[in-house]
Amino acid sequence: MAALVETVRGPLEVKLLGPTLMHEHIFVLSTEIQQNYPQTWGDEEARVNDAVTRLNELQAAGVTSLVDLTVLGLGRSISRIARVAEQTNLNIIVATGLYTYNDLPQFFQYRRPRRSIHGEDVLTSFFVDDITKGIANTTVKAAILKCATDVQGMTPDVERVIRAVARAHHATGVPISTHTHAASRSGLDQQRILLEEGVDLNKVIIGHCGDTTDLTYLRILMEHGSTIGMDRFGIESILSFEDRIETVVRLCAEGYSEKMVLSHDAACHNDWLEDDVIRRTGSNWNYLHITKDVIPALRQRGVTEAQIGTMMVDNPLRLLSRVR
Ligand SMILES: [Zn+2]
């Protein structure tokens, strides 16, 4: 039987994924602000149409699949994503998990796992339901898990999320993708907790590794088995285009193309940022930057066609193929 991956439109043969962006967003929203101050969101139809246009442009540029890592804490709305997915042929894969840098929402504060060994965290059961049953009474299933660590480090609630993600991974076999603060090497803390939970780090993508030129750190993450996300192309306020390219070129030359994926961490609309901030963040911070600028620059500096195919097609295929 052919291996399948869940997309918003239903199961897809995993080998049909093709060139895939492994860390993007469609909408990043502050849901409670939006509900109470709807002017911050604007016109629903216009926003949906804008997303459809951008995704169709991406498909026209040769990318066939995109992973939307928008989870709890980032304003996930599956019914809206399903409306977008109906209007584009691009494959959209959605995630479950929780995005926080320090504390969990109050909802989870009073629902702590029982202290017995088998007490399951409500977080884990939410994540497993999203993967096995469908999200929010839809048939759309998540195909990847997400957690985050930032400058605050491994706070008790961040650790709780990572352990819950690890347990949902064991229950379902879907891969794990993370947000990190590369400058403080927080990917290593994530690997430590995931290893304690018995996770095979080959099924883990440590995200935002493209934000640093610290090759020693990146090599260690990969030697531990993880794939690293060179996934913020276009955010030049953190690291320049030149430095982002040079890092990928060097690691390809060292033989690490099988352990890297390329993406932007961009969104069609992100209400965290005012429009002028997005412009300053980098005019290239959009879905088309990799096909338009990044891949040509990599080629020019000696990255081979085979290595580009490995990072854009083979690695996503391998990661999104369930272990069981
Ligand atoms: Zn992201």
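Is Arg 163 buried or exposed? Arg 163 is buried, at a relative accessible area of 18%. Here, buried means under 20% relative accessible area, exposed means over 50%, and partly exposed lies in between (1.4 Å probe, protein chains only).

This is a predicted model, in which local features need pLDDT of at least 70, side-chain atom pairs count only at pLDDT 80 or more, and totals for chains, interfaces and linings use all residues. Residues are numbered from 1 along each chain as its sequence is written, and side-chain values use heavy atoms, with hydrogens and water left out.

**Zinc site**

- Three residues coordinate the zinc ion at 2.1 Å: His 23 (NE2), His 25 (NE2) and Asp 265 (OD).
- Donors are N, O and S atoms within 2.8 Å of the metal (3.2 Å for Na, K and Ca); water is not among the atoms, so sites may look incomplete.
- Along the chain, the zinc donors follow the spacing H-x1-H-x239-D.
- His 23 counts as buried because its relative accessibility is 3%.
- His 25 is buried too, with a relative accessible area of 5%.

**Pocket and cavity**

- Rolling a probe the size of a water molecule over the atoms shows where empty space is left.
- The search uses a 1 Å grid over the protein atoms alone. A cavity is a set of points where a 1.4 Å probe fits but cannot get out. A pocket is an open set with protein on both sides within 12 Å along at least five of seven lines. Lining residues have an atom within 4 Å of a point.
- Grid points are joined across faces, edges and corners, and a volume is the space filled by probe spheres set on the points.
- The largest pocket has a volume of about 460 Å³.
- It is lined by 18 residues, and those closest to its centre are Thr 31, Leu 72, Gly 73, Leu 74 and Pro 105.
- Helix H1 (31-36) and helix H4 (106-109) are the elements that give two or more residues to this pocket's lining.
- Helices (H or I, at least four residues) and strands (E, at least two) are DSSP runs, numbered from the N terminus.
- The pocket lining has 10 nonpolar, 5 polar and 3 charged residues.
- Nonpolar covers Ala, Val, Leu, Ile, Met, Phe, Trp, Tyr, Cys and Pro; charged covers Asp, Glu, Lys and Arg; the others, Gly among them, are polar.
- The count comes to 1 cavity of 30 Å³ or more.
- The largest cavity has a volume of about 30 Å³. Its lining is Phe 27, Asp 68, Thr 70, Gly 75, Arg 76, Ser 77, Arg 80 and Ile 81.
- By class, the cavity lining divides into 2 nonpolar, 3 polar and 3 charged residues.

- Arg 163 sits in helix H6 (residues 156-172).
- Not counting residues up to four places away in sequence, Arg 163 touches Ile 193, Glu 196 and Glu 197. Contact means heavy atoms within 4.5 Å.
- Helix H9 (residues 241-253) has 13 residues. From its first C-alpha to its last, H9 reaches 18 Å, close to the 18 Å expected at 1.5 Å a residue. The expected span is 1.5 Å times one less than the number of residues.
- The buried residues of H9 include Phe 241, Ile 245, Val 248 and Leu 251.
- Among the elements covering the buried residues of H9 are helix H8 (215-223), strand S10 (227-230) and helix H12 (305-320).
- Gly 255 follows H9 and has a positive phi, near 95 degrees.

**Strand residues**

- Thr 96 lies in strand S6 (residues 91-97). Thr 96 counts as buried because its relative accessibility is 1%.
- Thr 96 and Lys 146 are 50 residues apart in sequence, but 6.1 Å apart in space, C-alpha to C-alpha.
- Leaving aside neighbours within four places in sequence, the contacts of Thr 96 include Val 71, Phe 127 and Lys 146.
- Asn 270 is in strand S12 (residues 269-270) and is buried, at 11% relative accessible area.

**Positive phi in loops**

- Most residues other than glycine have a negative phi.
- Ala 136 has a positive phi, near 50 degrees. Ala 136 lies in the loop between helix H5 (122-132) and strand S7 (144-148), and counts as exposed at 61% relative accessibility.
- Arg 185 has a positive phi of about 55 degrees. Arg 185 lies in the loop between strand S8 (176-179) and helix H7 (186-196), and counts as partly exposed at 30% relative accessibility.
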